[in-house]
Structure formats: structure tokens, C-alpha cells
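Please open the model in your viewer and keep the selection tool at hand.

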Amino acid sequence: MSPSSLALHSHSVFAPRTGITVHRRPLLPCQSGVVCSAKPAVSSTSNLSVSGPANIDAVGRIGSLSQVSGVLGCQWGDEGKGKLVDILAHHFDIVARCQGGANAGHTIYNAEGKKFALHLVPSGILNEDTLCVIGNGVVVHLPGLFREIDGLESNGVSCKGRILISDRAHLLFDFHQEVDGLREAELDKSFIGTTKRGIGPCYSSKVIRNGIRVGDLRHMDTFPLKLDDLLLDAASRFKNFNYSVEMLRNEVEKYKRYAERLELFIADTVYVVNEAISQKKNILVEGGQATMLDIDFGTYPFVTSSSPSAGGICTGLGISPRAIGDLIGVVKAYTTRVGSGPFPTELFGQEADLLRSAGHEFGTTTGRPRRCGWLDMVALKYSCQINGFSSLNLTKLDVLSDLAEIKLGVSYKHVDGTPMKSFPSNLRVLEQLQVEYESLPGWNSDISSVRNYSDLPKAARDYVERIEELVGVPIHYIGVGPGRDALIFK
């Protein structure tokens, strides 16, 4: 039975802890035969540990979100998107990834404070009523995906019937990761600083049209020929890539086993998602990486290989631009970056070490120490222009609590002192520009237990409101710690 053939009838359950009525809908069989749960987006805040005015703000903010909403990164990634997605997922039927791969590292915590580091599985997985979709724009490394699923299951998180993977998504093989390392070594001092997870080489296979898609696993008669072509291409390009018939044989046998396990997850997600939209289901899109790493709009070539900005939602899920409503941009209260590339507001020495230590700035995916600097308002405004964010989530405001003075990079100037009107595309210009800063006083107090905006120190509120003033986008969510409840709704 297809989703469109079901007549859905909602029923209500009273949630005593919050005094809010929660509307539930019956389980929805998806096209693949997997049972998918469905419920309206904004009925309950029963999973938010907030009370009083903060609870009212939460209901208002989440209740006003559109049917199809998105959470995207504003900077160079690692902004804390996963936490917001995890919180909002309680109120959405589907949480979907639309681009990237296991180079995304989203750290979230369950109600007991247990930490989960997700790379491919959408951050809605901790919410048992949410269906997680991995869209056609994602590149999927099956060994890593199965390890992630096994890890979730072993920690009591049920994944059965809760994850769908697009039959159009491209497969990322182990050899793509090997090629990634060979490519970085070839570049020598000009290396990109990738995660070496094979993302770029896999997208390269996709674009030159010799890639292998998830749906190809349903046709194992032609799979060996396609894989042979792919491996021969890599061997012809990299002399240190050793390809043999035995390698092909081993890979084919391995992927026969993977195909059997994956079958229950495979679906035409373009159909599933669009059917969900037509049935007024609520969908939350979870972006990986961020706008300043976008293949088109980022600091090219020091970027990722996909489109983490708003356009990637349409191409990575197969939905119309008209269906997309609210987009929430996630931005740290300061700036970080992993890998090579320009970073205009970067700090060095003791100042950088203080931010890195206070913010625990080490990559979820790689463990690499992140480069740290002041919040770059020029880059943030550029990101807001590209994506048309309806609101922002300012994260890690608590990390700045011990600083006597906080700076905002408010404008760029050329080396000759003339002002720049926009974020430059040229690397040399980015490396040579001068940043003009605005200094604001710190608040010198612990704000990690604050849950109401009015309870923040005045200096902290001034910092938040100055950011809003400079970019012209309201900040509706403020992170003051890693836990689920450490969120202020403004």
C-alpha cells in the first residue's frame, strides 16, 4: 500500500508533564515496505525540559515553523546543527539529509545526557516517532553507515523501519577514501585539508557519470562490471592505486552481503518525501557542512564537494523550491574552521587556545583541533543573503563567558584601505584583506543554566542584539551548553 492510498486519522494524547495535548497519527507504510511513523510537527513540547516563559517561547517558536523547514550551517561547519535538529525533530514527521556524506559530524545528547556522534544517520534518530531519510544528494559509505546503525542499536536506539535511503544516492567505496588520501598527497603543500572520507572522489565519480548508485545493488548481475570500470578509472589516474582482480572479487562479495541487509532501507525517497508533503506531513531538512564550504559559494577550492546551502535541499531531495518555508541558519557565537583555507578573523596563540579549550573545538569526524577566531559578520551576512534565513540559532554563547572583551569582525578593507562591498571570491584578496573590528564588553559570568532570554546578563543580550542588527535576521534560538535543555527560545 502506498502512502497516498491511506486515509490518516489523528488521535490525541494528553501529556501530563506539560499540560499540552499531543496529536498522534497511525503508522504509515512507505513504498519500500518499511513502516514509517507520522505525526504533525508542532503539537507538543513534551520532550523539552523547559517551563514557565521559556516553555511558552518554545511553543511559539516551534509552532510557527513551516511544513518544510531546514536547518543549515552559516559558517565553515561544526556550528551545532545536530542539537537543534534533535530538538525540533520531536515535532516533525521526517528528518532528511540532502547532501554530503560521513564528513558531516553531528554530536547530540539524549534525555539521559548520553553522547551520540552521527555522520550519516539524520539527527532525528533519537526521537522514536521520526522517520529519517537519506536523500539522493548524499554519498553513502555502507560500512560506515552499518557501523553507525549498529552503534545506535547497541545503545538502545531502534533504527528498524526508521531509516530510508534513496535509491538514487551514490555509493562511496573504500577506494574513494584511498584516492582522497592520494589526491591530498599529490597536492603536497596546496592540499585542501579534507576529512579523507572519500567525499570529493565519490562526487567526482557522480559528476563524470561512472558512479554507482544505491539502486544498482538491486542488480548484482551488472554491479561487477560497473565496479570494474570505476576501479580501472582510479588505477589509470593514480599510479599508487593498486587494482587487481582479487580486489574486485572481494568487493563484489562484500557488496552482495551489504545489498541483502540494505534492501529494507532502500526507497524512492523522491516519491516518499513528495507524498508526505502532499499529505501535509512536516519535514525538517538537516544540512551537513555549511555555506562557507559550499562548492559554489564557499572559499573555493577549500570547500566541500556538495551544496550545503539552500539550493542543495531541492537537488538533494527532489522537492520543489515552492515547498520550502522556514530556513534556520546555525552560527556559533565565534568562528571555527577545520582544514586549510582563508579565515579572515582567525586568532592565534593564547586567545585561540582559550576559545578552543572552552568550546572543546576538536572535530567530530576527524578529531582535529579546529582553528578559532572572532565572529565574522561579513561572512555571516553573505551566508544570510544566499540562503534567505528566516531566523538564526546562535550556539555556544556560553563559551565566551570568561572573556573581558569580545570582538565582532564587522567589515573588510582592501590593503589600500578601500572598503569591500561584498564577500570576495578571490583567495589572494581574502588572505590579504584587513578586518575592521567592533569591541563589546564581556559578561564574566556563567550563563549555562539560563533558560530565559531576559535572565541573560545585559552584556550578553547586547551581543546577541548587535548581531541581529548587523545581519538583519532575528536570532530565535540561543545555545548555552551541549545538553538538549541548554537552549534559550527568544
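Helices here are DSSP runs (H or I, at least four residues) numbered from the N terminus, and their axes are lines fitted to C-alpha atoms over the stretch in contact, with angles running from 0 to 180 degrees between N-to-C directions. This is a predicted model, in which local features need pLDDT of at least 70 and side-chain atom pairs count only at pLDDT 80 or more, while totals for chains, interfaces and linings use all residues. Residues are numbered from 1 along each chain as its sequence is written, and side-chain values use heavy atoms, with hydrogens and water left out.

Select residues 223-237, helix α6, together with residues 245-262, helix α7: the two pack at an angle of about 135°, and their axes lie 10 Å apart. That angle makes α6 oblique to α7 (under 35 degrees counts as roughly parallel, over 145 as roughly antiparallel, 65 to 115 as roughly perpendicular, and the rest as oblique). Now show the side chains of F223, P224, L227, D228 and L231 in α6, which meet M247, L248, E251, V252 and Y255 in α7 (contact means heavy atoms within 4.5 Å). The residues of this contact divide into eight nonpolar, no polar and two charged.

Next, select helix α11, residues 377-387, and helix α13, residues 458-471, which pack at an angle of about 55° with axes 9 Å apart. With that angle, α11 is oblique to α13. On the α11 side, M377, L380, K381 and C384 meet I467, L470 and V471 of α13.

Definitions and conventions. Nonpolar A, V, L, I, M, F, W, Y, C, P; charged D, E, K, R; others polar.
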